[in-house]
Every structure is written in C-alpha cells, then in structure tokens.
Amino acid sequence: MATPGAYQEHLPAVPSWLNKGDNAWQLTAATLVGLQSMPGLVILYASIVKKKWAVNSAFMALYAFAMVLLCWVLVCYRMAFGDKLLPFWGKGAPALGQKYLLGQAKVPESTQYYKNGTVETPTIEPFYPMASLVYFQFQFAAITMILLAGSVLARMNIRAWVAFVPLWLIFSYTVGAFSLWGGGFLFHWGVIDYSGGYVIHLSSGIAGLVAAYWVGPRSKSDRERFPPNNVLLMLCGAGLLWMGWSGFNGGAPYAANIASSIAVLNTNICAATSLLVWTCLDVFYFGKPSVVGAVQGMMTGLVCITPAAGLVQSWAAIVMGILSGSVPWYTMMILHKKSVFLQKVDDTLGVFHTHAVAGLLGGLLTGLLAEPDLCRLILPVRESRGAFYGGKGGVQFLKQLVAALFVIGWNIISTTIILLVIKVFIPLRMPDEELNIGDDAAHGEEAYALWGDGERYDPSKHGNWNGSVFTEQSTPQAYGNGLAAARGVTINL
C-alpha cells in the first residue's frame, strides 16, 4: 500500500525524517510550558503578593523569561545539550544558524553503552528539527528561573536581579541539565529525572533559599503582614500552571507516544490528590480550608510527579499525591516555625517547601516506584526499576539520593558565588525607603488605583481623602469623580 501523501517526503520543507505529529505535539507542549510562565506565573506572582509589590513581582518574572531566551540561543542550549566539555557540562556555542536549527534534532552525548562497548540505547534523535527541541528546552530553563524568583520577591534590587539571571542560568542551570538530561555523568549512570524534579524544582528551591539568605529579608511590616492582593486572579495563574503541566510532562519523551499519554494522566492525578490532601490538613489543623493552601498543594503535587510522570503506574501517582500533599505541608506549616534557620531566611513564597522538598520527595519516590516496563520505553538504561520491583531497584534509590546531593551542593555553591560577586558591584537588597514604598519606588508604577493593603481607611494615618476633610463617618460620593472614587475603595482581605 502506498504511503498517503500527507506522510510522504516533500523536500525541502518536509524531509524524510520529519514526523509531523511529533513536531506538532512538541511545539504544542513547549507552548503549554511557556503559558505556565507567560502569563501563568506572571499573574500568580502579581496577585499572590501584597499590592504594593504586584508590578515588581510580575516584572521579575517577565524579565527572566525574556533574558533566558536570549542567553539560551546564544550559548546556554549547547552547554546543556551539546557536545561534552566536562562530565557535567557541555560546550557553549550559539544555536542560531539555519543549518543547525533545521537539521534533525539530536542530543549528541546521549548514546548509552554497555560495559563491553556495545550500544545499549542509541543517540536521542527525535523526528523533528533542532529548532523545536531548542524552543522546548528553553521553556524549562525559563520557568526554573521564574520559580527561583519566588523566594526573593518584595525586596531584591531589580538591578541585581538583572545581573543574576544570566549568570545563574550559565553557571548553575546548564550544569544540572547536562548532567541529568544532556548526556552527562548522572545521565549515563542511570539517574532518573523524567521531566525536571531535580533539574528544575530541586535546583530552583535550593537556589531560591540560598538567594533569600544572601539578599536578606523583606521589611518588618511585610514579613508580619503580606496578604495576597487578588485571590481570584491568583487562581487564574494557578489554573494556567496546572493545565500547562500537561505539556511540561507530556512533552518530555520528545514524541507523541504512549509514555506521553501516561505522563499527562499521572500528572493530573497526583496534582488533584495532593491538593485535596493539603486542604484536608488545613481543615483539620486550622479549622477551615485555605485557597492559597490549595494552590500550594496543587503545586507540590505537580512538582512531586515530575521526575516520575511517565515511569510510574497511576496508583503510584495517587500515593505520590498523598505524600506530596502532606510532607511539604508539614515542613511549611510545622517544621518551618520550629526551625531557627528557616525562620531567619525569608523565602517569600516558600519555594523551598513547594519545590525543593517536593522535588526531592518525587525523585526519591521515583527510585522506589519506577515500573520496569515503563522505564524500558524511554530510559537510556534499559533495566532501570524502582526498589519496590526488586532486582537492582535498591541501587536505583541510592542513585537518586546521590544525584540529589549533587544538585543541592552545586546550587548552594554556585548561587552563593554568583550573588557574592554581584554584591561587590550592586546591592542585593533594595534600600529600606524603597521597601516601604514598593512598586512606585522601584518602577514608578502601581498595579491598581487603590490605596491600602487590606487596611481600613484611617485619616490620621493615610491623610485626607483626595485633598478634602475625610472622617470615618463621611464617605465619597457614589457618582463622583471616577479616580477619586477609586482611591476611596478599600479591599479588606
């Protein structure tokens, strides 16, 4: 039977190696991951913080997204997925030339060999152009940087952040990506990180905690009271994050195959389970469900399943959801308040708990629950399996632990050095007078034409309303000047 015309080679735009379905899915998955950052995390950050920091928080995410893309194509992609320079680092080079980008995608250092020198698994060569792979992996690098930003919101000097983003991408992210995904020593040793539990979440959580330590805390008033300025908009950002995760984990096999399907299902199962467990714990311990808590539970479930999404059975995704909804809840709500160190370090959005703890938990659970038949679908080491399945599974768990220690250690060292170097030239923290003002001092802009951060209007504190005498008994005219009426609105959270 003749091959249908739609699947035939049509040079030069449709070479023989191009699979249109795989290419379409990879670009779709990349766009879904991009929507998690832009606008997902931009919206979430802008709405979950105090009103006076909405613009600054959104801008930090927006800037990181743009800067990472430029650095990625100039040098970083090939440091993470190119030819080997060191066992943990690739050779940096541009990914901009037509000849390079239009050729078949390839991860050159990914060929896996047996000890006798024969090939165990061939080089990773997806059936689409290199441009699709470069774009897909850029989205992972960008969201890692934006997640890290959550630890230092509401006080990091924007100039220091501008310098920090490219340096951390080059000297920290690319090392983890090459080591675990690009054909580095952990990749060939058989460490499992399906879609970034270690490369993205453990690294961003640890680096965020380290950055929060060196940058210093928010202002005293912000640490004591930091209400979200728009809970409903926060849910919109969270929804984009959840739905976008289907591209996050569904695109990891580099093809529209059966591993992609099981990964998408497991991702949603784990997220839903974790959200419900977190909410139940909130109700049991605090007496009422929290919307912010539900979002945190959703996040930890998505993070926990990431290193295992296409490699575990769906019942295991439920188990991982139960643990991801409870262990990070305990570290954030109970342990954090008892730890002198964690109390000292001001991690604004608790990225350490939601990403480092959940990412580490997911990586270790992968070493226990990875199913052998699913592992054989996509992993370079064919006999990989979790400890619960016998064989060499116990060794797999130890590999996961060692890899986690490497990622943690590298991020502590690299993030510290980068920030100390920047500190020589640029203060890491905003001056106190800017911290008291917020967005207007940092950007000359404000998110809303409203005063107050969930405060009741107090004339003795806030002054006269619109230049006129204003007392608690008097109220602005219902149909007066629009701007003046807006200024008189109070959001009481």
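The text below describes the confidence of the model, then its pockets and cavities.

This is a predicted model, in which local features need pLDDT of at least 70, side-chain atom pairs count only at pLDDT 80 or more, and totals for chains, interfaces and linings use all residues. Residues are numbered from 1 along each chain as its sequence is written, and side-chain values use heavy atoms, with hydrogens and water left out.

**Confidence**

- The average pLDDT (the predictor's confidence in each residue, from 0 to 100) is 90 for the protein, and 90% of the residues score at least 70.
- In residues 467-493 the pLDDT falls below 50, and this stretch has 39 contacts in the model beyond near neighbours in sequence; a contact means heavy atoms within 4.5 Å.

**Terms for the spaces**

- On a 1 Å grid over the protein atoms alone, a cavity is a set of points where a 1.4 Å probe fits but cannot get out, whereas a pocket is an open set with protein on both sides within 12 Å along at least five of seven lines; lining residues have an atom within 4 Å of a point.
- Grid points are joined across faces, edges and corners, and a volume is the space filled by probe spheres set on the points.
- Helices (H or I, at least four residues) are DSSP runs numbered from the N terminus.
- Ala, Val, Leu, Ile, Met, Phe, Trp, Tyr, Cys and Pro count as nonpolar, Asp, Glu, Lys and Arg as charged, and the others, Gly among them, as polar.

**The largest pocket**

- The largest pocket has a volume of about 910 Å³.
- Its lining has 30 residues, and Arg218, Gln296, Met332, Met333 and Thr348 are the closest to its centre.
- Helix 12 contributes the most to this lining, with four residues.
- The lining of the largest pocket comprises 13 nonpolar, eight polar and nine charged residues.

**The second largest pocket**

- The second largest pocket holds about 740 Å³ of space.
- Among its 32 lining residues, Ile124, Pro253, Tyr254, Ile378 and Leu379 lie nearest its centre.
- Helix 4 supplies the largest share of this lining, three residues.
- The lining of the second largest pocket divides into 22 nonpolar, six polar and four charged residues.

**Cavities**

- Four cavities of 30 Å³ or more are present in the structure, and the largest cavity has a volume of about 130 Å³.
- Residues lining the largest cavity include Leu41, Tyr45, Gln296 and His355.
- Helix 1 gives the most to the lining of the largest cavity, with four residues.
- This lining has nine nonpolar, three polar and no charged residues.

Note on methods: Helices (H or I, at least four residues) and strands (E, at least two) are DSSP runs, numbered from the N terminus.
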